[in-house]
Amino acid sequence: MKKTGVVRINDIIDQVTSYHAEADVDLIRKSYVFSAKVHQGQTRLSGEPYLNHPLSVAKILSDLNLDEYAVSTGLLHDTVEDTYATIEEIQNNFGEEVSFLVDGVTNITKITNKNRQDRQAENFRKMILAMSMDIRVILIKLADRLHNMRTLEYMPPEKQKNIAQQTLDIYAPLANRLGIYSIKRELEDLSLSYIHEKMYREIEEKLVITSDQREKYVREVVCLIQEKLNQFGINARITGRSKHIYSIYSKMLQQKLDFSQIYDLTAFRLIVGSRKECFEILGIIHSIWKPIPGKFKDYISLPKANMYQSLHTTAIGPEGQRIEIQIRTEEMDSVAKNGIAAHCKYKEGRKIDQGYDQRFSWLRQVMEAQTEVRDSHEFLETFRVDIFPDEVYVFTPAGEVVELPKGSTPVDFAYRIHSDVGHRCVGAKINGNIAPLKNQLKSGDVVEILTSSNHKPSRDWLKFVKTSRAKSKIRQWIKLQELKSSISLGREICEKEFRKHNLNFSKLLKGDKILERVSKEGIKKTDDLLAAVGHGRLRVRHLINMFLEEGLNGKKHAAQSLSSSAKKVVCRKSGHGIRIDGIDGVMVRHGKCCNPIPGDRIMGYITRGKGVTVHVADCSFVVSACPDRLLDAQWDETSRHVATVPIEVICEDKTGLLAEITSSISSEKTNIVKAKIKTTPEETAVNVFDIEISNLKQLDAVIHAIKKIRGVLKVSRLKS
């Protein structure tokens with residue numbers, strides 16, 4: 001891992017001019033002077049001047065060969081957030097482009113009124129939005145995160161682990177998806193050193209111990225390859241290096257191996273002059289050492305979505321050791337190191353090269369999806385699929401390559417082609433044979449989608465589709481259909497119920513009398529009102545009562561609002577002691593599948609025409625439910641609710657033990673409603689008790705009391 005050191009502005013300028021001779025170095029110097037001025041007196045937790053941080057970020061950006069505007073933004077990226085400087089001041093002094101980039105980086109973290117998890121999800125969503133506007137924003141943010149990780153040792157231990165885990169979950173995969181492997185590898189190693197410090201140190205020490213042996217082996221392999229290439233008159237730059245610590249750790253974890261069982265610790269890279277030579281060398285390598293079947297990958301013919309190109313092969317090398325070999329050109333190597341940054345070329349007017357942007361179709365797909373997902377947590381989860389590296393490459397019948405995440409199905413393929421193709425998909429042919437829509441695609445498959453103009457998407461598709469685009473399109477379609485259905489159902493309910501009280505619903509609706517009375521509830525349109533009734537969020541009885549109380553001539557203008565009236569009815573009659581976020585006057589009932597009790601984290605699910613059903617947040621029903629019909633719910637601590645909860649007690653089958661168990665339940669002032677006892681051939685007893693519980697704390701006390709009894713093997717709450 002790289003250690004931070006003193007960075008000088010002249011080092012940065014020299015680096016920028018080495019790859020961009022005509023760069024505006026005065027802009028960089030001016031940015032440095034301004035940053036030094038506004039950060040004067042500020043220090044980091046390490047005690048060093050704060051200016052070292054923006055200087056280090058700017059140096060990372062220059063190492064990525066970014067333009068002077070991005071490097072200047074690196075110097076200024078914290079000025080608006082952490083000093084008295086304003087974005088207007090940045091624009092006046094450094095121009096529109098730098099101010100745009102500074103504002104983009106600043107806005108990502110300008111969220112303070114949410115908890116940590118919400119902030120992480122919302123920050124990530126804003127980061128992707130900013131990236132879609134200008135890719136340099138995310139590159140600056142990655143550089144910022146990299147330097148923060150390099151200096152994480154000065155943070156408190158708890159923050160170290162939280163930041164490291166977030167880096168491993170989000171930033172390292174994002175760097176990988178952008179093809180910036182140099183940053184990806186360093187972020188992974190730094191994160192591992194804080195999350196699993198002991199394992200990191202063990203691997204690091206063992207690599208040091210075996211370094212002499214590995215270096216000798218590398219020299220031997222390089223000499224053998226060089227000698228063979230000389231025979232064919234091919235020039236190549238050959239290097240060997242140890243795999244980074246995180247990749248070794250991942251392999252040990254996934255394959256359940258010890259360090260001593262990892263034989264392919266060294267990877268070799270051959271850099272050549274042309275694409276043709278890449279394939280020639282591959283043949284030469286395979287003539288020297290026997291390749292391992294299934295370990296060859298051609299990323300030159302089928303580049304990764306992040307533009308990565310290389311030939312990968314694994315062979316049995318000298319001494320019977322596995323060796324990994326990568327073969328690529330100089331240009332391919334530049335892209336492999338710096339990814340999207342290697343091609344960050346801007347035309348006049350500072351707009352990103354559209355031809356280059358076409359290579360990042362995955363980003364456009366993600367951005368299209370995010371406009372249809374309102375919840376940041378849902379966006380974060382669906383986007384994880386798109387930033388992790390496993391891909392499959394399939395073909396259309398016309399021979400066009402379509403890249404999809406591993407595990408994708410024909411439905412994902414259909415939505416990648418076009419939304420209408422996805423909506424009308426009725427079947428698929430894979431390699432000419434009819435295949436189920438839930439079949440997982442493999443690289444090389446030729447996929448043909450069968451469509452019908454009368455077909456509609458199925459909710460069941462959400463159980464197996466992989467891509468965020470497919471999920472968002474299906475949910476959007478379902479939401480639209482449910483809205484239409486709810487409006488129709490709401491109109492039918494209102495007309496029927498109003499008629500019973502000699503009220504003309506259509507006339508009242510046409511005259512805006514109803515909308516006037518519910519406008520305070522945020523309902524502005526007729527369709528919103530009807531949908532609320534159809535969904536069960538509004539009870540039609542309260543609408544009718546309001547008109548009966550006020551009279552049609554409008555004499556009683558001081559009647560209670562719909563929400564307060566409804567709330568009283570619910571609080572008086574339901575007895576559930578539950579508050580639904582943003583909704584009053586709604587029917588509430590408990591989900592029988594999980595039977596929530598006070599203290600459980602809960603969610604509400606809108607059941608059309610039946611109000612809201614409350615489930616435990618991790619209930620399997622909630623996990624698979626349509627997010628658009630889920631509502632936040634909380635227990636009302638001022639209300640007492642008694643629930644019947646089943647608990648399972650597995651114990652030894654011996655005399656007197658059942659009496660001890662029932663006695664311990666009673667000692668916690670808990671009533672047993674029902675008991676079911678069953679013995680097994682293994683001389684154990686399985687007992688299920690339905691007990692009356694007021695809250696989660698009382699349930700925990702009962703379970704704890706039973707666990708203390710000698711002979712009790714296991715106690716657990718049954719949720720379904």
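Predicted model: local features only at pLDDT ≥ 70, side-chain atom pairs only at ≥ 80, totals over all residues.
User: Why is Cys619 called buried?

Analyst: Buried means under 20% relative accessible area. Cys619 has 7%, so the label is buried.

User: And what makes Cys223 exposed?

Analyst: Exposed means over 50%. Cys223 has a relative accessible area of 52%, so Cys223 counts as exposed.

User: Let's turn to charged pairs. How many salt bridges does the search find?

Analyst: The whole structure has 16.

User: Why is the pair Arg8 and Asp11 called a salt bridge?

Analyst: The cut-off is a side-chain nitrogen of Lys or Arg within 4 Å of a carboxyl oxygen of Asp or Glu. The closest N and O atoms of Arg8 and Asp11 are 3.1 Å apart, so the pair qualifies.

User: Are Arg8 and Asp11 buried, partly exposed or exposed?

Analyst: Arg8 is exposed, at 52% relative accessibility. Asp11 has 27% and is partly exposed. That label covers values between the buried limit of 20% and the exposed limit of 50%.

User: What makes Asp67 and Arg136 a salt bridge?

Analyst: Their closest N and O atoms are 2.9 Å apart. The limit is 4 Å, so this is a salt bridge. The pair links distant parts of the chain, 69 residues apart. Asp67 sits in the loop between helix H3 (52-63) and helix H4 (68-76), while Arg136 sits in helix H8 (residues 135-150).

User: How do you know that Asp67 and Arg136 are buried?

Analyst: Asp67 has 12% relative accessibility. Arg136 has 1%. The limit for buried is under 20%, so both labels hold.

User: Which residues are linked with Asp67 in a network of salt bridges?

Analyst: The network holds Asp67, Glu97 and Arg136.

User: Why does the pair Lys674 and Asp690 count as a salt bridge?

Analyst: The distance from N to O is 4.0 Å. The cut-off is within 4 Å, and the pair is listed as a salt bridge. Lys674 lies in strand S18 (residues 672-679) and Asp690 in strand S19 (residues 684-693), so the bridge ties together parts 16 residues apart in sequence.

User: Which labels do Lys674 and Asp690 get, buried or exposed?

Analyst: Lys674 has a relative accessible area of 52% and is exposed. Asp690 is at 17%, so the label is buried.

User: What makes Leu192 buried, and where is Leu192?

Analyst: Leu192 is in helix H10 (residues 181-195). Its relative accessible area is 1%, so Leu192 is buried.

User: Which residues does Leu192 touch, not counting residues up to four places away in sequence?

Analyst: Leu192 touches Glu197, Tyr200, Ile245, Tyr246 and Tyr249. Leu192 and Tyr246 are 54 residues apart in sequence, and their C-alpha atoms are 6.7 Å apart.

User: Which residues have the most contacts inside the largest nonpolar core?

Analyst: They are Ile12, Val98, Leu178, Ile183, Leu187 and Ile203, in a core of 66 residues. Helix H8 gives the most to this core, with 9 residues. Not counting residues up to four places away in sequence, Ile183 touches Ile60, Leu64, Leu146 and Ala175.

Methods:
Residues numbered from 1 in each chain as written. Heavy atoms only, no water. Buried < 20%, exposed > 50% of the residue type's maximum accessible area, 1.4 Å probe, protein only. Helix = DSSP H or I, 4+ residues; strand = E, 2+ residues; numbered from the N terminus. Contact = heavy atoms within 4.5 Å. Core = buried A, V, L, I, M, F, W, Y, C linked by side-chain atoms within 4.5 Å.
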